[in-house]
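Dear colleague,

I am handing over the structure below, and after it you will find what came out of going through it. Please read the notes with the structure open beside them.

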Protein chains: 2
Amino acid sequence: MFSTETTHEVDHTVAVPLGPRSYNIRVVANDPAGFGPFARAELARTWAGASCRSALIVTDMHIADLGIPATIQASLGDIGIAALIAVLPAGESTKSLENASRLYDELVKLQADRHTLIVGLGGGVIGDLAGFVAATYARGLPLIMIPTTLLAQVDSSVGGKVGVNHPGAKNIIGAFHQPAGVWIDTQYLSNLPTRELRCGLAEVVKYGVILDAEFFANLEQIAEDVLRREHGALARIIMRCCEIKALVVAADEREETGLRAMLNFGHTIGHAIEAVAGYDGPYKHGEAVAVGMVAECRLAERLGWIKKGDVTDRLVRLLERFGLPTRATELDTGRLIEAMSRDKKNRNGAIRFVLPRALGKVELTDSADVDDILTVLSA
Amino acid sequence: MFSTETTHEVDHTVAVPLGPRSYNIRVVANDPAGFGPFARAELARTWAGASCRSALIVTDMHIADLGIPATIQASLGDIGIAALIAVLPAGESTKSLENASRLYDELVKLQADRHTLIVGLGGGVIGDLAGFVAATYARGLPLIMIPTTLLAQVDSSVGGKVGVNHPGAKNIIGAFHQPAGVWIDTQYLSNLPTRELRCGLAEVVKYGVILDAEFFANLEQIAEDVLRREHGALARIIMRCCEIKALVVAADEREETGLRAMLNFGHTIGHAIEAVAGYDGPYKHGEAVAVGMVAECRLAERLGWIKKGDVTDRLVRLLERFGLPTRATELDTGRLIEAMSRDKKNRNGAIRFVLPRALGKVELTDSADVDDILTVLSA
């Protein structure tokens, strides 16, 4: 379905081919001064062209405490872009329409126009919020993402999904707005709490299962280097994940053909775990996805799609090495099923899953029945 | 630059050619029952396909008092779509982020998903707000516009510009979101206050000046029929305006090449008049545009682009027959210039205008100097 051929370039750049909305992801190690020239080059390929002179850097207090926004501001200053920094509280509740509204206020004060750059500097919450504001101010401002968590680097910063939460539904207010570029500095991961790193690794493992068995095997080899946060190992896995995500997004930019749904492996059950355990509960997103991937592999076994053991055993071992949970048997299975019945992939009342046919190959299906689901949730 | 050939079809349909986002505009006379089948056919060509079963009709109190939403709801019921009606106050202040938020609440309560249809039933305020909600809920819901004012029928309902106002800047929060279809019933115009009809006619005249001299001449012939609201005359001018707008939008969907700017003829000065006189002041949008078109024609005369008299005289006569103002000499010219200096078309500090080279042909220019502008504002 896709070419999954690796196209590493010496300069650690991944191209996201989206026609007029194409952009680059650059992976560097401790190079804040490089950001300005990268931004200028990426902006030149957008409608903003060479005329961008102002920017709003959206970030959170954790990132601000590390002094990172000032280095990005200085780098933009070097290329003639005057940037204002907006610092928001860290945490999921920041991703609200109220904060979007506050950022609109800042942009009106700045007299921003369609040539004003928005920089999303932080994890997924900041990226989604900054991206939503970029998507909806003056019908679209240029956006550059600087993800600072592994999860955001390999997942949310790439692909154009932006949005905020509604009190009654997560991520329900949003848009597709592709960035003009994504700047990934592995140095930012040195400050990341271990649990956050592990959560990112759950999504990294997912890419291996859905599209790249060789990458999965490679992860098994370099797991310790990754946990020690060696730049080379981190850069390699980030690059490969971004390449895979870019291929999937290029094939189904707006989630219309169903192809992009393959990124949802582990997420049907993962999202249900988050909903039932509570979004500020014991399972972070990556942890819920880790449990979900294992349960969904077991579901594939029950459907006869993969042999018992084998894929599931390798997955469990790798997740355990990464310090991730692989079961959540304490949760009420009835409530989990109920949460799954609201999954946005569902059609005609059937719960749909993305399940492996083999390591590196998944398919969307609605052929799992409730008894099978209940069995794997209790395993 | 464009083919302006008329392609009237017997069934009064205008196709808006936007590749995968193509849609139809249907012009009818008193046919509420026809809406359901039209909606079903238009939805079938979108990602929502045949599976749309629920809808939210967004409308205002004026329209609700006329009993129109119930007829649309019944027509959707006939094709198996259960529609809820959200009635908002009439008026510009309805176009706010707060009202968007209220509509999100309704959608969450409805358990809306990407197969839920949004219907914008009203004038420009309702269309822009409903469209913004459709653009940003679940990253895009299918949208059908039912414009009920002449202005919305010939302008805001076609072209995909949606949005809400910020207290500090009109229309600044928005997106591009093409509708799945536009349903225009000339019957709705029978209830339109005369002043609203006249405001719509200002935009109608604009289409003649920017792209179609023959249409302008035709307007001169049928002006009285239009003012008497004869269905045939109304349908003819609505069709032609939609055809012209469709051509311009197809050529520059997201306002990136500058082509779409031609729709801004009369608007550089028109927007300044609204800003200086106040948005709830003596000039409605169409009236400000009428004055703006005359002043901008005089500016083209001063630049030597068109001969003195001629185009301007015909324009003034036609606008007067339509009961529209052609001068606003009581406004402070300094403040008008200041407002124009914030126009979003501007680049590098120069005020840019779309000015006629002849009747039916306009060009974007920054070569008008402030003395010329001051002179035409006082004429």
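In chain A, strand S2 (residues 23-28) and S9(A) run parallel and are joined by five bridges, where strands are DSSP runs of type E with at least two residues, numbered from the N terminus, and two strands pair if DSSP finds at least two bridges between them. This is a predicted model, in which local features need pLDDT of at least 70 and side-chain atom pairs count only at pLDDT 80 or more, while totals for chains, interfaces and linings use all residues. Residues are numbered from 1 along each chain as its sequence is written, chains are lettered from A and ligands numbered from 1 in the order in which they are written, and side-chain values use heavy atoms, with hydrogens and water left out.

Strand S9 covers residues 181-185, and five of its five residues are buried, that is, under 20% relative accessible area with a 1.4 Å probe and protein chains only, exposed being over 50% and partly exposed in between. In a regular strand the side chains alternate between the two faces of the sheet. Here A:Gly181, A:Trp183 and A:Asp185 point one way, whereas A:Val182 and A:Ile184 point the other way.

**A buried threonine in chain B**

B:Thr59 lies in strand S3 (residues 54-60) of chain B and counts as buried because its relative accessibility is 0%. Its side chain reaches the backbone oxygen of B:Leu121 at 2.7 Å. Beyond its neighbours within four places in sequence, B:Thr59 is in contact (heavy atoms within 4.5 Å) with several residues, among them B:Pro69, B:Ile85 and B:Ile126.

**Cysteines**

A search of the whole structure finds zero disulfides over all chains, a disulfide being a pair of cysteine sulfur atoms within 2.5 Å. For A:Cys199, the nearest cysteine sulfur, that of A:Cys241, is 15 Å away, and A:Cys199 is buried at a relative accessible area of 3%. The sulfur of A:Cys242 is 7.0 Å from that of A:Cys241, its closest, and so too far for a bond.

**The two copies**

Chain A is superposed on chain B by a rotation of 180° with 0.0 Å of shift along its axis, at RMSD 0.0 Å, using least squares on the C-alpha atoms of residues with pLDDT of at least 70 in both. The two copies are therefore related as by a two-fold rotation axis.

With best regards

Methods
Helices (H or I, at least four residues) and strands (E, at least two) are DSSP runs, numbered from the N terminus. A polar contact is a pair of N or O atoms within 3.5 Å; within protein, one must be able to donate a hydrogen and the other to accept it, and residues adjacent in sequence count only if both atoms are side-chain atoms.
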